[in-house]
Amino acid sequence: MTRPGAAALGPLAAVAIVVIAGCGGGGGEGTADVAPPPDDPSAPASGTLSVFAYQDSITDQLLDPFRQANPDLDLKTAGFGSNDEGAAKMAGGFRADVVEACLDEMSAFTDRGLLRPIDPDGIEDWDDLVFRDADGVRDGSDVLVVPLSAGPQGLIYDAGEIPPGEIDSFADLFDPAYADRVAIEGDYALPAIAETALSLGIEDPMNLTPDQLDEVTQKLIDSRDQFRSIWRSDADVVNLFRSGEIALADGGPGLTERIRDTGVDARWVAPEERPLSWVCGFAITADAENTDAAYKLINWLASPQAQAIRADDGYVVTNPKAIPLADPAARKTADPKSIANAIPETEPPDYQEWVRAFREFQAQ
Amino acid sequence: MEAAAIPVRRSSRAKRLVQPLAFMATPTALLIAFFLAPMLVMLGVAFDRGLLDGGVGFNFTLTNFTDVISDPLNRKVALTTFEIATTAMLVQLIVAVPLAYVIAFKAGRWQVPILLFLVLADELNPMVRIYAWRMLLGREGLINEGLMSIGIINHPIDALLFSQFAVTVVLSTSYLTYTVIPIYGAMKAIDGNVFEAARDLGAGWWTTTRRVLLPLIAPGIFISLLLVYIPLFTDFASPALVGGTSGYMLGNVVNDYVLEAGDLNRGAAMSIIMLGLSALFALVAYRLARINRLES
């Protein structure tokens with residue numbers, strides 16, 4: 001499963017919305033003190049709780065049990081297409097109590113002081129959570145995000161079009177044998193750049209030198225005709241496979257399942273260079289007004305029950321206690337061990353250059 | 001009697017002055033609150049190095065503008081955008097003028113139903129419309145399948161989708177309603193006898209179109225250009241969904257500045273530049289339309 005794509009907002013409207021939201025101030029002036037956990041963790045939450053996250057992380061299936069357990073809480077949700085988009089809107093004044101943040105894009109929030117440290121003692125399952133010590137979870141000694149979902153990024157192919165066994169490397173994305181039948185993720189720059197780097201034999205794709213980044217950019221530009229499309233959301237790539245436009249793309253096992261649901265014989269492959277992996281979680285915002293409810297929501301999402309729902313959706317869970325509760329068919333994919341050898345997506349130090357490189361590819 | 005008449009005239013004059021102002025007060029206030037104020041904030045962001053981006057206070061700079069203008073990548077994208085938007089606009093005018101003519105002068109009792117159909121077609125969700133085009137233009141889409149079934153082609157035409165052609169087609173149809181209706185409005189104001197007069201004087205259909213019809217509908221075309229040509233430059237959903245690797249437009253650049261790079265300042269600067277160029281274009285279009293017929 002991959003993170004969903006950009007929302008269909010007109011760009012000028014996007015500027016306007018962010019700017020108009022900015023009239024209300026907010027954002028940016030974060031407090032550094034740790035958000036206090038609720039005095040009574042078992043008491044139902046009340047008031048209003050605003051959650052800002054990827055759409056896949058705020059489904060009714062996932063949140064309805066929490067709503068039922070907290071009938072006096074008014075739970076409001078809003079979705080974004082990328083962490084940068086979410087952070088830009090929050091910096092412009094969009095107010096939320098809880099926000100989903102991915103470890104490779106934490107600086108979008110931390111640079112603007114949008115997050116408030118979390119007390120891990122307030123998270124019941126904290127000690128069971130894998131990735132709790134991963135890069136990006138902490139800023140110094142402060143815990144900023146509770147990791148709640150993860151996934152590998154490898155290759156998806158249509159076995160009806162490409163015989164099994166042919167696809168085993170990110171280099172296959174650039175193989176002329178599949179020209180014009182390939183799509184590459186483009187909702188944010190990182191996957192395409194990192195995968196291209198791996199296809200070129202670069203072993204540390206998250207720390208590219210300027211020369212390596214130039215090489216990657218040139219490779220993408222030279223291979224422009226290789227790609228039928230740049231996919232920007234799960235629905236987009238599902239549609240591309242289903243309509244016969246493509247036979248090969250990058251993505252995760254959860255996404256493969258969604259494609260299979262449409263009747264395409266899609267298969268997922270971990271490339272020989274090792275798949276990439278991402279980890280996302282929930283954080284409490286600097287402007288959070290209802291921190292009690294925020295802790296309760298995060299506790300629910302970290303619980304084995306909620307994690308099992310995520311497992312059934314094709315995600316890798318961060319709480320291994322959820323695996324026995326998950327659908328047997330989903331357990332292997334959901335096991336954190338499945339991405340133990342993957343290359344974690346971390347934020348490149350010069351990410352703006354990566355964004356520019358990807359723009360350069362698209363603008364050719 | 002004369003002395004008594006003066007205050008009445010004064011009162012009526014004051015009323016004439018105050019009444020329109022009072023009448024305009026609410027819309028003016030709304031315009032300032034919901035249009036001008038956000039625009040001013042956006043201007044502020046465009047001229048600031050980090051007003052809403054973690055910066056403290058307002059620090060005037062032109063850097064956002066110089067960065068955006070001097071970036072060769074943006075100039076390249078601007079050229080692509082100009083090509084696509086202009087082609088799409090021309091295609092729309094080529095379709096809209098005859099269509100408006102048929103509706104205005106030939107459709108008879110079907111006039112209103114056709115107009116309603118055009119309006120309803122525009123109500124279709126843009127994303128649904130774009131995906132419908134993908135189903136039509138795709139490799140296994142209706143057009144390719146149709147052409148193959150009647151033996152015109154042996155292999156699907158890949159360039160129908162995920163190409164600049166696809167972006168142009170989708171953009172051309174997305175705004176057709178807003179192109180047709182102003183031109184139709186201009187045509188309805190024309191006395192049909194002028195065409196008869198032109199024919200009596202020996203003008204053929206092309207001369208009549210060029211010398212009579214087009215000058216008379218110039219105001220409608222001007223309004224269409226304002227309503228359609230300018231938004232074509234800012235569209236980003238169509239290039240993203242049907243452009244593949246060759247439909248990157250200025251709207252996508254702004255989108256990437258704001259939502260991908262998180263650079264609100266440059267995104268705002270880019271938007272202001274596009275707005276300025278739009279105003280310039282509107283002025284030129286107005287002048288051209290005025291030369292012909294607008295003032296009458």
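Biologist: Which residues of H3(A) are buried?

Modeller: This is a predicted model. The buried residues of H3(A) are Asn83(A), Asp84(A), Glu85(A), Gly86(A), Ala87(A), Ala88(A), Lys89(A), Met90(A) and Ala91(A). The helix spans residues 83–91 of chain A and is mostly covered, with nine of its nine residues buried.

Biologist: What follows H3(A)?

Modeller: Gly93(A) follows H3(A), and its phi is positive, near 115 degrees.

Biologist: How is chain A divided into domains?

Modeller: Domain 1 takes 11–150 + 278–334, and domain 2 takes 151–276 + 348–363. Over C-alpha atoms, the centres of domain 1 and domain 2 of chain A are 28 Å apart. Domain 1 of chain A gives 10 residues to the contact, and domain 2 of chain A gives eight residues. On the side of domain 1 of chain A that touches domain 2, four residues are nonpolar, four polar and two charged.

Biologist: What describes two packed helices?

Modeller: Use the angle between their axes and the distance between the axes. Take H3 (residues 72–106) and H7 (residues 164–174) of chain B: they pack at about 45 degrees, with axes 9 Å apart. Therefore H3(B) is oblique to H7(B). H3(B) passes H7(B) in a right-handed crossing.

Biologist: Which residues make the contact between H3(B) and H7(B)?

Modeller: H3(B) supplies Ile84(B), Thr87(B), Ala88(B), Val91(B) and Gln92(B). H7(B) supplies Gln164(B), Val167(B), Thr168(B), Leu171(B) and Ser172(B). The contact of H3(B) with H7(B) has five nonpolar, five polar and no charged residues.

Biologist: Why do residues three or four places apart point the same way in an α-helix?

Modeller: An α-helix has 3.6 residues a turn, so residues at that spacing point the same way.

Notes:
Residues are numbered from 1 along each chain as its sequence is written. Chains are lettered from A and ligands numbered from 1 in the order in which they are written. This is a predicted model: local features need pLDDT of at least 70, side-chain atom pairs count only at pLDDT 80 or more; totals for chains, interfaces and linings use all residues. A residue is buried if 20 or more other C-beta atoms lie within 10 Å of its own, exposed if 12 or fewer, and partly exposed in between; C-beta atoms are placed from the backbone. Helices (H or I, at least four residues) and strands (E, at least two) are DSSP runs, numbered from the N terminus. Domain bounds come from an automatic or database domain assignment. Two residues are in contact if their C-beta atoms, placed from the backbone, lie within 7 Å. Ala, Val, Leu, Ile, Met, Phe, Trp, Tyr, Cys and Pro count as nonpolar, Asp, Glu, Lys and Arg as charged, and the others, Gly among them, as polar. Axes are lines fitted to C-alpha atoms, for helices over the stretch in contact, and angles run from 0 to 180 degrees between N-to-C directions. Angles under 35 degrees count as roughly parallel, over 145 as roughly antiparallel, 65 to 115 as roughly perpendicular and the rest as oblique. A crossing is left-handed if the near helix is turned anticlockwise from the far one by less than a right angle, and right-handed if clockwise.
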